Amino acid sequence: MDTTGKNAPLIEQRADPFVYKHTDGYYYFTGSVPTYDRIELRKAKTIEGLKNAETYDVWFKHESGPMSRHIWAPEIHYLDGKWYVYFAASQEEDIWALRPYVLECSGQDPLKDEWIELGMMQAADGDEKSFIDFSLDGTVFENNGKRYFCWAEKTGGQFAASNLYLAEMESPIKLKTVQFMLTTPDYDWERIDFWVNEGPAVIKNKGKIYITFSASATGACYCMGLMEANEDADLLDRDSWKKSRYPVLETDYEKKIYGPGHNCFTVAEDDVTPLCIYHARDYENAIGDPSVVPASDTRPLEEIVKDPLYDPNRHARVMKVTFDADGRPVFRF
């Protein structure tokens with residue numbers, strides 16, 4: 001799995017990694033490219049094979065209007081016999097007006113068939129709160145015959161607190177229920193520089209469902225927390241969920257892994273061993289790279305180099321997940 005050394009990156013310069021293992025035996029990979037201007041896919045028969053797999057640019061941002069800036073955190077899912085990509089995007093005219101959008105593949109080959117824009121993710125009828133403000137990091141999962149959408153949203157713009165919300169889905173592009181707030185930044189480790197809960201991912205074990213999430217700003221303070229509930233509980237009920245008091249994964253200065261987070265889960269080639277795919281940097285202080293900044297960003301150079309969003313070196317990494325005596329996932333580099 002890690003043929004180039006302990007804790008070495010799986011794929012360099014791909015933040016917000018997402019891996020989906022399909023019924024055809026292939027792993028499909030996507031993530032945020034450093035220029036934030038496209039959706040890129042690749043596939044391989046093995047996790048390690050994703051490293052050097054051919055990449056396919058399947059969709060590009062618009063020049064203006066919706067979906068013209070900050071193409072972030074794409075995820076690829078196969079639902080009801082079709083391929084979908086969920087991603088966040090803003091617009092050149094308002095670069096922090098992030099919203100969740102959906103693409104549908106016209107055929108069964110997601111790397112080569114055309115992708116069709118389905119527009120913004122739709123809230124449930126009567127829900128006047130979902131996707132009206134800074135919204136991103138949508139993921140899809142199923143539990144007990146129901147499909148759910150989990151995402152991050154800031155009510156009050158870019159600098160407000162980012163909470164995680166959960167709702168049942170009516171279709172791949174529309175919610176069935178109004179939003180339920182799963183978690184808000186409660187603890188000190190969720191409130192460093194920014195108050196953030198984002199990047200949800202789901203793993204199940206021994207009758208429980210776990211949702212990892214990422215917290216704080218995107219530098220070395222970035223870390224992962226954990227929500228848990230019984231699989232048979234009402235997932236849209238506050239009393240069903242328990243939150244970890246401390247991060248379950250954070251910066252390891254000795255191993256030089258900084259700001260681990262925005263993970264997903266898949267399984268190894270044996271279809272049994274759970275894997276966590278996450279991103280992290282190899283150094284502590286992020287440095288913005290002007291070469292990946294859009295031409296429309298006219299900020300002075302000294303501001304750009306201080307912007308961690310334009311440091312391209314958040315690398316996708318992989319670790320095996322183990323479980324403790326109570327069945328809770330354990331994350332170790």
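This is a predicted model: local features need pLDDT of at least 70, side-chain atom pairs count only at pLDDT 80 or more; totals for chains, interfaces and linings use all residues.
**Entry 1**

I then looked up its pairing with β1, which is antiparallel and runs over five bridges. Val19 has Phe29 of β2 as its bridge partner. The two strands make a hairpin with five residues between them. In that turn I noted Gly25, with a positive phi of about 90 degrees.

On to β3 next. β2 pairs with β3 in the antiparallel sense too, over three bridges. I found Tyr27 opposite Ala44 of β3. β2 and β3 also form a hairpin, with five residues between them. Here the turn residue with a positive phi is Tyr36, at about 55 degrees.

**Entry 2: Leu41**

I stayed in β3, residues 38-44, and picked Leu41. Is Leu41 buried or exposed? Its relative accessibility is 1%, so I count Leu41 as buried. What is Leu41 in contact with, leaving aside neighbours within four places in sequence? My list has Phe29, Thr30, Glu54, Thr55, Tyr56, Val58, Ile76, Pro110, Leu111 and Trp115. Phe29, the partner of Val19, turns up here among the contacts of Leu41. I also checked Gln91, which is 50 residues from Leu41 in sequence. The C-alpha atoms of Leu41 and Gln91 are 22 Å apart.

**Entry 3: salt bridges**

How many salt bridges does the structure hold? I get 20.

Asp271 bridges to Lys21, with the closest N and O atoms 2.5 Å apart. Asp271 sits in the loop between β18 (258-267) and β19 (274-281), and Lys21 is in β1 (residues 15-21), so this pair ties together parts 250 residues apart in sequence. Asp271 has 51% relative accessibility. The cut-off for exposed is over 50%, so Asp271 counts as exposed.

Lys243 bridges to Asp186, and the closest N and O atoms there are 2.9 Å apart. Lys243 belongs to strand β17 (residues 242-243), while Asp186 lies in the loop between β13 (180-183) and β14 (197-205), so the bridge links parts 57 residues apart in sequence. I looked up accessibility for both partners. Lys243 is buried at 16%, whereas Asp186 is partly exposed at 41%.

The side chains of Asp307 and Arg299 meet in a salt bridge at 3.0 Å, N to O. This pair belongs to one network in which shared partners join Arg69, Glu92, Asp297, Arg299 and Asp307. Asp307 is buried at 12% relative accessibility, and Arg299 is partly exposed at 29%.

**Entry 4: cysteines**

How many disulfides are there? The count comes to zero. I looked at Cys150, which is in no disulfide. Its nearest cysteine sulfur belongs to Cys264 and is 14 Å away. Cys150 is buried, at 0% relative accessibility.

Cys276 is in no disulfide either. Its nearest cysteine sulfur is again that of Cys264, 7.3 Å away. The relative accessible area of Cys276 is 0%, so I count Cys276 as buried.

Note on methods
Residues are numbered from 1 along each chain as its sequence is written. Side-chain values use heavy atoms; hydrogens and water are left out. A salt bridge is a side-chain nitrogen of Lys or Arg within 4 Å of a carboxyl oxygen of Asp or Glu. Helices (H or I, at least four residues) and strands (E, at least two) are DSSP runs, numbered from the N terminus. Buried means under 20% relative accessible area, exposed over 50%, partly exposed in between (1.4 Å probe, protein chains only). A disulfide is a pair of cysteine sulfur atoms within 2.5 Å. Contact means heavy atoms within 4.5 Å. Two strands pair if DSSP finds at least two bridges between them.
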